[in-house]
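Me: I am new to reading protein structures. Can you take me through one, feature by feature?

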Amino acid sequence: MSAEAESEERIKAQEKYREMSIAEFFAKNKELAGFSNPTRAIYQTVRELVENSLDATDSHNVLPEVKISIKEVEPATDDKPAKYEVAVEDNGIGVPPNEIANAFGKVLYSSKYVIRQTRGMYGLGVKAAILYSQMTTGQPVFIVSSTDSSDNIYYKKLLIDIKKNEPVIIEEGQLLKRSNWHGTKVYLTLEGDWVRAKQKIIEYIKRTALIAPYAEIIFETPENEIYYFPRVTKKMPKPPSEAKPHPHGIDIEQLKAIVSFTKAKTMVEFMVEEFQSIGEITARKFLESIGIDPNMNPKVLIEKGNSKLLQTVATGLRTYKNFRPPRSDYLSPIGEELIEVGLKRLFNAEWVKAITRQARAYEGHPFIVEAGIAYGGNIVPAEEPVLLRYANKIPLLYEEREDVSYKVVSSINWKLYNIEEPMPLVVLVHVASTKVPYKGVGKESLSEVQELESEIKNAVQEIARNLRLYISKKNSERTLREKIVTISKYIPEVARSLSILSIPPDKWGSNGKKDNNERIIEKLVKIVSKSVELPKIDGKEEDPERIVRSVIANVKLEQ
Ligand SMILES: Nc1ncnc2c1ncn2[C@@H]1O[C@H](COP(=O)(O)OP(=O)(O)O)[C@@H](O)[C@H]1O
Ligand SMILES: [Mg+2]
């Protein structure tokens, strides 16, 4: 063997190939799913469980009741963090008994792999929490669940076989249901740093309650403190519904998959059946534009040797201009009213306003941007506004500076809106979409998708203009009010002088002078109050006469 060949042999011999299951991948790369340290881990666990609970309730028209509890089960030692049991219970739709094991024990198994606006997207969240729990404490997860139609309550204790990415059932059983309870309870034990995570977890729950004022949320801390967020309205946003894909979001692989399961017999039928908002006329025009026979069987596209044809259709679907934009009626925004209620409640703000923008789309995915601004009240003035970010109703607390909303909000010059530093200002941004462009599977920040960025900008600026109007009216009202006060202070003095001058001295009976004085005061009050008009603020205007009278009432004349 030559020297060269020998060294090549050595290099090859060093490589060992093997496959890794997706469970093992996330077990080894916990930080990708948000489990980077004991603080983030306990926070992320609460988050994943709460999000699943809310998906199982408000997305199915059930008014949510969510109970969260964290208990310390083993104190920290010098070299080990404490262990906590995290339990979350909801009154949601429950998990069918034959799905429990996979839903909780198989990474990338989900009921949310459909085109629908849900908090969960990846089929990963609860499993990432279970993997972390299993790796730090060895304890199985305990799940109790019942669907509405079931006569039983099912329970399972399970671990995840990390090498195989499969559930391992430790214990299971069922009980006859004595009430009409439906929902799910999940118990997990994990190492965590509650002390460090506490503020973030409370903040997360508060912000969840802010945009879900129709939910009842109870949180019990390891110190047995109870945080109770009562339901303040029964009004819920319309639940999201499932949609067919929009042609602009389709790539070759997706097209192949759709062709392979379609029942359509012709290309026209295929277009109308499998994609959203395509009628027969559009379908025919489109097929004509790319030179495809409308009566061709769609299965031809996946026959051997037809990859060029497949490519033509895929490119056509993505680029054809005359499809209707993606449908947004199945998105579920929070709505202006609920955002305003939430902001008012949380900050006792002096002024709030929210806006839900029209739907837009990026790459075939519809999205709606909503924004809200709260001003004054209990908001602590700061150099920049407090930014509350939400995506599909999930509060996002980490990676703020990486988020497209931060980019937009931090680039706004608030002085142009009459807002001086430090500003008592909160800006809320919510993005609802069937596909939220998260930067990572930990779901903490959104990418700088250009369409998204400009929508967020428009939304925030529109409310900021309303705020500017409010502030400038308030300022001009204040100036006018000060003027009224200054002038009104003279009324009693002037009236006294006038009453003396306006009747001859021989008529100065004690009553005569007093009557006259009162008549003159009345006249002056009318003159001063009629001379100004205070601006309407939020539809209300103050009566100047009331101000004048209250000033006069407090003036004491020297005798
Ligand atoms: N509290 C719950 N109520 C009803 N179903 C649940 C609940 N928690 C989890 N599930 C089911 O388990 C599946 C997997 O959850 P998860 O791993 O968090 O992924 P994702 O939420 O992204 O789908 C969900 O899609 C859902 O069907
Ligand atoms: Mg989830």
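Predicted model: local features only at pLDDT ≥ 70, side-chain atom pairs only at ≥ 80, totals over all residues.

Me: Now the ligand. How many residues surround ligand 1, and which are the closest?

Reply: The shell has 22 residues. The closest are Asn52, Ala56, Ser110, Gly120 and Gly125.

Me: Which helices each supply at least two residues of that shell?

Reply: Helix H3 (38-55) does, and so does helix H5 (125-137).

Me: What classes of residue make up the shell around ligand 1?

Reply: Ten is the polar count, written 10. Eight residues are nonpolar and four are charged.

Me: How do I describe two packed helices?

Reply: Give the angle between their axes and the distance between the axes. Take helix H8 (residues 267-274) and helix H9 (residues 280-289). Their axes come within 9 Å and cross at roughly 125°. H8 is therefore oblique to H9.

Me: Is the crossing of H8 and H9 left-handed or right-handed?

Reply: The crossing is right-handed.

Me: Which residues make the contact?

Reply: H8 brings Met267, Val268, Met271 and Val272. H9 brings Glu280, Ala283, Arg284, Phe286 and Leu287.

Me: How do the residues of that contact divide by class?

Reply: Seven are nonpolar, two are charged and none is polar.

Technical notes: Residues numbered from 1 in each chain as written. Chains lettered and ligands numbered in written order. Near = placed C-beta within 6 Å. Helix = DSSP H or I, 4+ residues; strand = E, 2+ residues; numbered from the N terminus. Nonpolar A, V, L, I, M, F, W, Y, C, P; charged D, E, K, R; others polar. Axes fitted to C-alpha atoms, helices over the stretch in contact; angles between N-to-C directions. Parallel < 35°, antiparallel > 145°, perpendicular 65-115°, else oblique. Left-handed = near helix turned anticlockwise from the far one by under 90°. Contact = placed C-beta atoms within 7 Å.
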